[in-house]
Amino acid sequence: MKKEVPVRIAYNARGKQFYMQIRKPVFIMNSASVTKNEHSAVMSGVKTILKIIGLEKEIQINDLGCWNQGSGEHESIDWYLAEAQVKTANGCQIYDDDLLKLYRKSPLTKNLLHFVVMIIDKDLTSKRDDGAWYNFVIGDSFPDIGVVLSVKRFRGLSDSQKQEECIKTLVMHELGHVFLAASGRNGIDALSDQSNSSVLYKDHCDQECVMRQGGRVPDAWEKLSEDRLKSGKPFCKKCIDEMKRYIK
Ligand SMILES: [Zn+2]
Ligand SMILES: [Zn+2]
């Protein structure tokens, strides 16, 4: 019997409805100077979240490494990085929106629908609602495309174990957004107290969970990772239920 492929209704930037397949393989690719350990941390995070939502057998992981099929358009991760490069007050950075939007036209996407996990070691940035640049961001996610993660800001941590745990936390957090964990909820920052948090973050969690916001880098991500390792539970029950409901 043929299994039905679950689809969800999504909206593009112009508000137009489209159907989105949500059980797709995950393609992992990294820029050239991402280390083996950084890459393994991402792989471990991807496997963990898929296991938590019960799809570790169903969703395949395809590791493309430093993807490079040529020097033309859409043929290598380097091409995407060069296209999405911007000059800001903080130097040369990669604009997350441009990068993920460009990837929509990837030939890999035409061949096989998938989620991409791009691991880069260049600094990543994003625009605020008022159009000004953030100093930097460490990751971003588009529910129909996947995620981009920058490991750069964790390299300042002297403890390599900590770096890797933070990267693992980050990939679970960003993929959590892809699977709509905490979507529509008001969350707190990992460094703020649950009982007296005055600032709330949309689409984030207020429980002891990797879906809390991590505003201060790397401190908040160290805290998220410590909590995750202490409890042995990356996600709270609420977030797991939301993800399972979404990918069901
Ligand atoms: Zn987030
Ligand atoms: Zn949660």
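Trainee: Which residue in β8 is the bridge partner of Ile94?
Mentor: Leu124 is the partner of Ile94. Bear in mind that this is a predicted model: local features need pLDDT of at least 70, side-chain atom pairs count only at pLDDT 80 or more, and totals for chains, interfaces and linings use all residues. Residues are numbered from 1 along each chain as its sequence is written, while chains are lettered from A and ligands numbered from 1 in the order in which they are written.
Trainee: How many bridges join β6 to β8?
Mentor: Two, and β6 (residues 91-95) runs parallel to β8. Strands count as paired if DSSP finds at least two bridges between them.
Trainee: What's the strand order in that sheet?
Mentor: β5-β6-β8, an open sheet of three strands with mixed pairing. β5 (85-88) and β8 (124-125) are at the edges with a single partner strand each, so one side of each has no neighbour in the sheet.
Trainee: Which helix lies across β6 and β8?
Mentor: Helix α3 (residues 96-103), at about 40° to β6. Axes are lines fitted to C-alpha atoms, for helices over the stretch in contact (C-beta atoms, placed from the backbone, within 7 Å), and angles run from 0 to 180 degrees between N-to-C directions.
Trainee: Switching topic, how many helices and strands does the chain have?
Mentor: Seven helices and twelve strands, taken as DSSP runs numbered from the N terminus (helices H or I, at least four residues; strands E, at least two).
Trainee: And what are the spans along the principal axes?
Mentor: The C-alpha trace spans about 55 × 50 × 35 Å.

Technical notes: Two residues are in contact if their C-beta atoms, placed from the backbone, lie within 7 Å.
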